[in-house]
Amino acid sequence: MKRHRQNVTLGMNAIALIILHIIREMKGTHWTFEMISMLLAGRDETIPMWKGKMMLSVAPARDLDLAPSPRVLNTHLFYEELPRDITTLKNKIVYVLRDPRDVAVSFYHFYINNKTGVDYRGAWRDFLELFMNGEVQWGSWFEHVKNFEDVIKTNRNGQQILVMNYEDTKQNPKDSVSRLSDFLGLPRSDELCSRIADKCSFANMAVDKLQYTLLSDNRDIMYRKGVVGDWKNMFTVAQSEMFDRLLTHNMADSQLVSRYITKPSS
């Protein structure tokens, strides 16, 4: 499939936050966007905007062009679809990764709760099949991960990419904020990193970001649970085994995904 670049001029000081197929509340994207934005601002204060206003393929190109630098952009695009400036100017990329089972569940709830944008009315079992086949918005999770893992392995364009795992950030948010600070070259104190980690907790963001989130039928559709392993409440045993087989078959050589592949019991 031929992929087309976005026509956006970023400039020298843009920071690109590249996001996986995690469009739901899970705070992989919203969470990281908030943490990076606070680090850039140098203070633990809620960012007064919805991240969609800085999202490639969603926000108008002119708005992104005119936004002050450094800019924290976010997207679900494949690497080859990113604006050329991201590769030629060596903008830094943060790639957010989460257990694909949780991604599927989170995405499903976004589909059924987004009455105006999606209005999906199918059952979970049907959505899971769509997700596994890559027939959902933004395409295949598996192909997206493969795409960026190849960029990392081959050091394509000398691109600087930091992989952030949702589960690690959930377990130790302060360490994740510190990793982001180091990667972006932002000298921030341990105290500030701790305050940002606390400010960006799910409980705080669900309240603080309410006026900057997406609503459907006056209901917030971005912040649902923000937990690890919620897939266990949705997957049947048969669905779990089927997903494991697909993950093992498609991603057996992936170092990024190895932690999510269930090892067969002896």
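**Aromatic pairs, a helix and a pocket**

Both Trp231 and Phe235 are buried, where buried means under 20% relative accessible area, exposed over 50% and partly exposed in between, with a 1.4 Å probe and protein chains only. This is a predicted model, in which local features need pLDDT of at least 70 and side-chain atom pairs count only at pLDDT 80 or more, whereas totals for chains, interfaces and linings use all residues. Residues are numbered from 1 along each chain as its sequence is written, and side-chain values use heavy atoms, with hydrogens and water left out.

Rings of Phe, Tyr and Trp (its six-membered ring) pair if their centres lie within 6.5 Å, and planes under 30 degrees apart count as stacked, over 60 as edge-to-face and the rest as tilted. By this rule there are eleven aromatic pairs. In one of them, the ring centres of Tyr79 and Phe148 are 5.9 Å apart with the planes at 90°, so the pair is edge-to-face. This pair links distant parts of the chain, 69 residues apart, with Tyr79 in the loop between strand 2 (72–75) and helix 3 (84–88) and Phe148 in helix 6 (residues 141–153); helices (H or I, at least four residues) and strands (E, at least two) are DSSP runs, numbered from the N terminus. Tyr79 and Phe148 are buried. The rings of Trp231 and Phe235 also pair edge-to-face, because their centres are 5.4 Å apart and their planes stand at 90°. Trp231 and Phe235 belong to one aromatic cluster, whose members include Phe107, Trp124 and Phe243.

How much of helix 1 is buried? Eleven of its 13 residues are, so helix 1 is largely enclosed by the rest of the structure; among the buried ones are Trp31, Phe33, Glu34 and Ser37. Gly42, which follows helix 1, has a positive phi near 75°.

Helix 1 (residues 29–41) also gives the largest pocket the largest share of its lining, four residues. A pocket here is an open set of points on a 1 Å grid over the protein atoms alone, where a 1.4 Å probe fits, with protein on both sides within 12 Å along at least five of seven lines, and lining residues have an atom within 4 Å of a point. The largest pocket has a volume of about 290 Å³, volume being the space filled by probe spheres set on the points, which are joined across faces, edges and corners. Of its 14 lining residues, Ser37, Met49, Pro68, Pro70 and Val72 lie nearest the centre.
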